[in-house]
Number of protein chains: 2
Amino acid sequence: MSKKPKPLEDVRVLDLTIMLAGPFCTMLLADYGAEVIKIEMPGGGDPTRAIGPFVEKDKDRILGGYFFSINRNKKSLTLNLKTEKGKEIFKELVKKSDVLVENFRPGVLERLGLGYYDVLRKINPRLVYATITGFGHPNILKSPYWDRPSFDLIAQAMGGVMSITGPKGGPPLKTGPGIGDTWASLLTAFAIMAALHYARRTGIGQHVDCSMYDAMLNCIERAIVIYSISGEVSVPMGNAHPLLAPYDAYKAKDGYVVIAAHWPKMWENLCKVIGREDLVNDPRFLTTNERAKNYDQLKPIIEEWTSQRTRKEIIDILLKNDIPAGPINTVKDIFECPHVKAREMLVEVQHPLNDKVKIVNAPVKMSETPGGVERPAPLPGEHNEEILCGLLGYSKSDVEKLKQEGVI
Amino acid sequence: MSKKPKPLEDVRVLDLTIMLAGPFCTMLLADYGAEVIKIEMPGGGDPTRAIGPFVEKDKDRILGGYFFSINRNKKSLTLNLKTEKGKEIFKELVKKSDVLVENFRPGVLERLGLGYYDVLRKINPRLVYATITGFGHPNILKSPYWDRPSFDLIAQAMGGVMSITGPKGGPPLKTGPGIGDTWASLLTAFAIMAALHYARRTGIGQHVDCSMYDAMLNCIERAIVIYSISGEVSVPMGNAHPLLAPYDAYKAKDGYVVIAAHWPKMWENLCKVIGREDLVNDPRFLTTNERAKNYDQLKPIIEEWTSQRTRKEIIDILLKNDIPAGPINTVKDIFECPHVKAREMLVEVQHPLNDKVKIVNAPVKMSETPGGVERPAPLPGEHNEEILCGLLGYSKSDVEKLKQEGVI
């Protein structure tokens, strides 16, 4: 664990998020040093705590893998926002914070008497209030769908990602990772930083409003501009490229590899390596466009060569001949990959109920203020005393009383 | 176009990026008001200018759709960094800038005598220097693969995304959108903001180092923690969920819909809507886990109902009965969607060689400092005079001379 500072150490974030889209956003802030206070309902807390896989000793199902990975570095405060005392503590925290993030459906905070426009910004005008919702917040630009529920699957469907993912000619498909949620997380983390930059300069906070649907449109921008200019509706293309070839995945003896040999020199080198120099002057394959057009005839030729070799054999010889290529790694391969080790991208974290568990490290390296994983995801209410006594000045007996009253 | 300020108006970014990963990152900075000066080689400039589709009048192929969409809001300065005068101008710009972004392979700037550690940070210690590379920058953490080329396809392959995307039981598949590039873009935009936050506070700049491979690991964090805890290697799952059902895509008369009816109340409602209340007590389908286990028997029942109805009919009745659902939209559907219109997510931009072209708007809404698209992607060198005369104090005749000497 690094002794260098982290870039966001002077930033405090109140985190009312649950599930994936919100917590993945505040994870980034916490990885780079922000003090993220996750506020959870007394009792169960974030429902993702109860989603597996679980370590063996986690009999109470409170620290499932899904939760454990994306809530590292955060503090947990249990707080019942339906009680008067809970609301009062929340407002005290808002006064002392820079950012509030939530991913409820629009209107939940208002119904609690804790709406941003009526209440929160009055007690802290510098507050950056970020919301992640399926269809955006009606206070900013009202979608006709603003009160619909959303999930990763729905965002990927409506936002067009599924219509351009899948095997060639096949039905639409979602991406494996839940980018319907997490694309919005990344954009929101960026926009929070932009709003914070402005707030530090001017003293003016604001509402940052990210819709999962809108976020997906950012992700598929190329398909949008293609349609706008040419009228062409993009469709699933498998792994191949519509205009360039060879640029695809190929079967190896022990899995799959990808090869990008679409430019002239790479293509010539590939022909040599696979012992088919005759193809260089084959009229079907003269240009990258022609190779793409006649790709059905080209793919089996390349795959005949790859399928007789291991991934390692293929990659070694291709790279030696300046042909971009790589293995298709499974998660198991990634755990054994020397790149991942050298870049310290998997980090062992002490699980409070287990030996260490490996999770993905802070994703971007920084020379002066590296991010990192300093501590595991919290147990529910693990930091109640630290926050209530240390930050807000309550006494230990106050805390005991709040607990008895069901406020925390 | 909004008259409100933008949050990053006090930030100047030098942009040496080409292709997708770099320009998509600086697009976000520009969308929110940063002055992004794209530095291009005199002559062709960014090679993506020459990638289609093209508007009809673009005979010279200099403003293809791929480039046009992600370089809006930026300024273009042509500058030959191989000339002494070009290097001198570049250093003058570095002195006056907050951020420099590049996505060359490591070592290119060093060979030009413009390396960050030896040169640039000495002339501007506050500079945030961000690099996006396939396997990270060796000056920070040296991957054994640091000098390999990378592409979207290679990052998705090695970073594990392909191993968990695809039809159930099928071979690995890449996602349609090029997230091997653009996931790194989003993370880098966030990390630049974190570094800028630190630089404004302390006066200390730094190197922000994002690897496309590392970025993909951030994207698949759940598969990593699952393997770490349970030893289970995630595989492609199609659109369905391993543990919850029904949560999938279904064929409609005129396309596809997604339905998320995996929790008890939603499931009961769905059974009623499709006229199969008998299923509620069917022992095969009692819990969401059992429905997932026996999903091969459940899917055809649901699809028999959906396939006889249009997407609109299905969505209307499901939402009315509190069952989360949505259409799988093609790009064409998105252009006609009332949500997209209400949220102003497609914006018409005046193409210098054409009528207007629609591209995706700035993705996140902000109440006080909204982002937006103020001007189209630049022609090569469009802002030479503005930058050289306005920012650096050269005369018009100096600029003419620089042009004749091939410096700009």
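Colleague: How many residues of chain A are in contact with residues of chain B, and what makes a pair count as a contact?

Modeller: In this predicted model, where local features need pLDDT of at least 70, side-chain atom pairs count only at pLDDT 80 or more, and totals for chains, interfaces and linings use all residues, 120 residues of chain A are in contact with 120 residues of chain B. Two residues are in contact if their C-beta atoms, placed from the backbone, lie within 7 Å. Residues are numbered from 1 along each chain as its sequence is written, while chains are lettered from A and ligands numbered from 1 in the order in which they are written.

Colleague: Which element of chain A gives the most to the side that touches chain B, and how do the residues of that side divide?

Modeller: Helix H7 (residues 179-202) of chain A gives the most, with 15 residues; helices (H or I, at least four residues) and strands (E, at least two) are taken as DSSP runs, numbered from the N terminus. The residues on that side of chain A divide into 78 nonpolar, 27 polar and 15 charged, where Ala, Val, Leu, Ile, Met, Phe, Trp, Tyr, Cys and Pro count as nonpolar, Asp, Glu, Lys and Arg as charged, and the others, Gly among them, as polar.

Colleague: Why are the two copies described as related by a two-fold rotation axis?

Modeller: Chain A can be laid on chain B by a turn of 180° and a shift of 0.0 Å along the axis, with an RMSD of 0.0 Å, the superposition being by least squares on the C-alpha atoms of residues with pLDDT of at least 70 in both copies. The two copies are therefore related as by a two-fold rotation axis. In chain A, the C-alpha nearest that axis belongs to Phe190(A), 2.3 Å from it. The same surface serves both copies, in that 100% of the contact residues of chain A recur in chain B.

Colleague: Why is H7(A) called roughly perpendicular to H8(A)?

Modeller: The axes of H7(A) and helix H8 (residues 212-219) of chain A come within 8 Å and cross at roughly 85°, the axes being lines fitted to C-alpha atoms, for helices over the stretch in contact, with angles from 0 to 180 degrees between N-to-C directions. Angles under 35 degrees count as roughly parallel, over 145 as roughly antiparallel, 65 to 115 as roughly perpendicular and the rest as oblique, so H7(A) is roughly perpendicular to H8(A). Among the residues that meet there are Trp183(A) and Leu187(A) in H7(A) and Met212(A) and Met216(A) in H8(A). The residues of this contact divide into eight nonpolar, two polar and one charged.

Colleague: What makes S12(A) and S6(B) a pair?

Modeller: Two strands pair if DSSP finds at least two bridges between them, and two bridges join strand S12 (residues 365-366) of chain A to strand S6 (residues 206-211) of chain B, which run antiparallel. The bridge partner of Lys365(A) in S6(B) is Asp209(B). Strand S6 (residues 206-211) of chain A and S12(B) likewise pair in the antiparallel sense over two bridges, and Val208(A) stands opposite Met366(B) in S12(B).

Colleague: Why are S12 of chain A and S3 of chain B said to stand at the edges of their sheet?

Modeller: The open sheet has seven strands in the order S12(A)-S6(B)-S5(B)-S4(B)-S1(B)-S2(B)-S3(B), with mixed pairing. S12 of chain A and strand S3 (75-78) of chain B each have a single partner strand, so one side of each is left without a neighbour in the sheet. Helix H1 (residues 21-31) of chain B packs on this sheet, and its direction makes about 150° with that of S4(B).

Colleague: How do you know the sense in which S1(B) pairs with S2(B), and which hand does the unit they make with H1(B) have?

Modeller: Four bridges join S1(B) to S2(B), and the two strands run parallel, with Glu35(B) in S2(B) as the bridge partner of Arg12(B). S1(B), H1(B) and S2(B) make a right-handed β-α-β unit, the crossover being right-handed if, with the strands pointing away from the viewer, the path from the first strand over the helix to the second runs clockwise. S1(B) is also joined to S4(B), by three bridges and in parallel, and Asp15(B) stands opposite Val101(B) in S4(B).
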